[in-house]
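Could you walk me through how the helices in this structure sit against one another?

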Amino acid sequence: MNAFHDAFIYLNDPFNWTSARGIAFLAAQHLKIAGLAMLIGLVVAVPPAVWLGHRGRGGGFLLGLSNISRAVPTLAVLTIFAVTPIGFTIWAPVIALALFAVPPILANTYVGFREVDPDVVEAARAMGMDGREVVLRAELPLALPLVMTGIRTAAVQVVATATLASLLGNPTLGTIIRSGFGRQDYGIVVAGALLVAALAVGTDAVLGALSWAVTPGQRRLPFSRVRSRPAEAAGVATAR
């Protein structure tokens, strides 16, 4: 309990937030690294997944490649980068985290497009849509929930794993954890871990709200009760 008490004191000290390399600065750098990694992951994963999902080919190869990519530990990639010219630049963790982000985006986007009802695609083509219009106006809206699920999964993983960037000297919230271990002050370690967890949960919440906003169809807020329609209510009253 002493470590949690010390963490509470650390997090409530304004100086730890506003100093030159305080929590606010480290959180911004953490999000910068994670954001760049996600951007690269989206550019690399989405186009081939959409194309193959639309054509219905290469699914086995794509999902196999995705599974192999998941087996590569980010720490191992960072260790390899440490002996290269980019080892101690921001691009080492960005590239490593981008590789970490690609598999869930790739798999979910492909599956999302493959699960679109073929009748919907045929109806869109019968209306005179070309291939590009079918993808953007018919398949994408229906695949969007699964696509966003893959992006949310990747983003949460990347934000949590970006902590490791501090091992190569890049300032992130992991710097706080390293500092706590260096001082043998476990209150600071717990504070750093809580900040990383809060940032990951916040990322998931923001992307969950975004997913809810962009998903087509009838929406209702989480935990809201579904009201009976007047016709249904009338039917129940008649039955009685």
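α3 crosses α6 in a right-handed sense. In this predicted model, α3 covers residues 23-55, and its axis comes within 6 Å of the axis of α6, at a crossing angle of roughly 30°. Angles under 35 degrees count as roughly parallel, so α3 runs roughly parallel to α6. Which kinds of residues make up this contact? There are 24 nonpolar residues, together with four polar and one charged.

Stay with α6 and look at its other partner here, α8. Helix α6 spans residues 91-114 and helix α8 residues 131-161; the two pack with their axes 8 Å apart, at an angle of about 155°. Because an angle over 145 degrees counts as roughly antiparallel, α6 is roughly antiparallel to α8. Sorted by class, the residues of this contact are 15 nonpolar, eight polar and one charged. The crossing of α6 past α8 is right-handed.

Helix α7, residues 118-126, also meets α8: their axes come within 10 Å and cross at roughly 155°. The pair α7 and α8 is therefore roughly antiparallel. As α7 passes α8, the crossing is again a right-handed one.

Now follow α8 itself from its start. There, a side-chain oxygen of D130 comes to within 3.3 Å of the backbone nitrogen of R132. Further along, where does α8 bend? The bend is at L140 and amounts to about 60°, with a proline, P141, following within four residues. The end-to-end span is worth checking too: between its end C-alpha atoms α8 spans only 38 Å, whereas a straight helix of 31 residues would span 45 Å at 1.5 Å a residue.

For another helix to set beside that one, turn to α10, residues 186-214. How far does α10 reach from its first C-alpha to its last? With 29 residues, α10 reaches 42 Å, close to the 42 Å expected at 1.5 Å a residue. Its N-terminal end is capped by D185, which has a side-chain oxygen 3.1 Å from the backbone nitrogen of G187.

Notes
Residues numbered from 1 in each chain as written. Predicted model: local features only at pLDDT ≥ 70, side-chain atom pairs only at ≥ 80, totals over all residues. Heavy atoms only, no water. Axes fitted to C-alpha atoms, helices over the stretch in contact; angles between N-to-C directions. Parallel < 35°, antiparallel > 145°, perpendicular 65-115°, else oblique. Left-handed = near helix turned anticlockwise from the far one by under 90°. Nonpolar A, V, L, I, M, F, W, Y, C, P; charged D, E, K, R; others polar. Expected span 1.5 Å × (residues − 1). Bend = angle between axes of the 7 residues up to and from the residue. Polar contact = N/O pair within 3.5 Å; in protein donor to acceptor, adjacent residues only side chain to side chain.
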